[in-house]
Amino acid sequence: MTAQEWIQAFASEIGAEAPGSIQSEQILKLAAVAAHASERTAAPIACYLAGRAGKSLDDAIAAAEGISNTKGND
């Protein structure tokens, strides 16, 4: 099963719409920012929190990059 097939099946199982290709790329970007700025476990949790907060992916990525830039300058 490919990742896309698994995501489609999972989305169907939980009653959600699977992300399209652009959304998937944004989710992966958010995860990458979190993983590279902190421990890798921050990536899935950051994505979960963005979803729970109802933030757009663009807003979530901007927030993650802002934290990364701020923490990198300390």
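How many helices and strands does the protein chain have? The protein chain has four helices and zero strands, where helices (H or I, at least four residues) and strands (E, at least two) are DSSP runs numbered from the N terminus. This is a predicted model, in which local features need pLDDT of at least 70 and side-chain atom pairs count only at pLDDT 80 or more, while totals for chains, interfaces and linings use all residues. Residues are numbered from 1 along each chain as its sequence is written, and side-chain values use heavy atoms, with hydrogens and water left out.

**The whole chain**

Of the 74 residues, 18% count as buried. Buried means under 20% relative accessible area, exposed over 50%, and partly exposed in between (1.4 Å probe, protein chains only).

Next, select residues 3-14, which form helix H1. At 1.5 Å a residue, its twelve residues should span 16 Å, and its end C-alpha atoms are 16 Å apart, which agrees; the expected span is 1.5 Å times one less than the number of residues. Just after H1, Gly-15 takes a positive phi of about 75°.

Now display Met-1, Trp-6, Phe-10 and Ile-14, which make a nonpolar surface patch of about 500 Å². Patches consist of residues with over 30% relative accessible area and no salt bridge, like charges being joined within 9 Å and nonpolar side chains (Val, Leu, Ile, Met, Phe, Trp, Tyr) within 5 Å. Ile-14 counts as exposed because its relative accessible area is 53%.

**Helix H2 and the core**

Move on to helix H2, residues 21-37. The 17 residues of H2 should span 24 Å at 1.5 Å a residue, in agreement with end C-alpha atoms that are 24 Å apart. Its buried residues are Ser-24, Gln-26, Leu-30, Ala-31, Val-33 and Ala-34.

Then select Leu-30, Val-33, Ala-50, Ala-60, Ile-61 and Ala-64, the six residues of the largest nonpolar core. Such a core is a set of buried Ala, Val, Leu, Ile, Met, Phe, Trp, Tyr and Cys residues joined through side-chain atoms within 4.5 Å. The elements giving two or more residues to this core are H2 and helix H4 (57-72), and H4 gives the most, with three. Centre the view on Leu-30: leaving aside its neighbours within four places in sequence, Leu-30 is in contact (heavy atoms within 4.5 Å) with Ala-46, Cys-47, Ala-50, Ala-60, Ile-61 and Ala-64.

**Helix H3**

Select residues 42-53 for helix H3. H3 is followed by Gly-54, whose phi is positive, near 75°.

**The salt bridge**

Which residue forms a salt bridge with Lys-29? The partner is Glu-65, the closest N and O atoms being 3.7 Å apart; a salt bridge is a side-chain nitrogen of Lys or Arg within 4 Å of a carboxyl oxygen of Asp or Glu. The pair links distant parts of the chain, with Lys-29 in helix H2 and Glu-65 in helix H4, 36 residues apart. The structure holds one salt bridge. Lys-29 is partly exposed at 43% relative accessibility, and Glu-65 is partly exposed with a relative accessible area of 31%.

Note on methods:
Areas by Shrake-Rupley, 256 points an atom, 1.4 Å probe, with all protein chains shown as cover.
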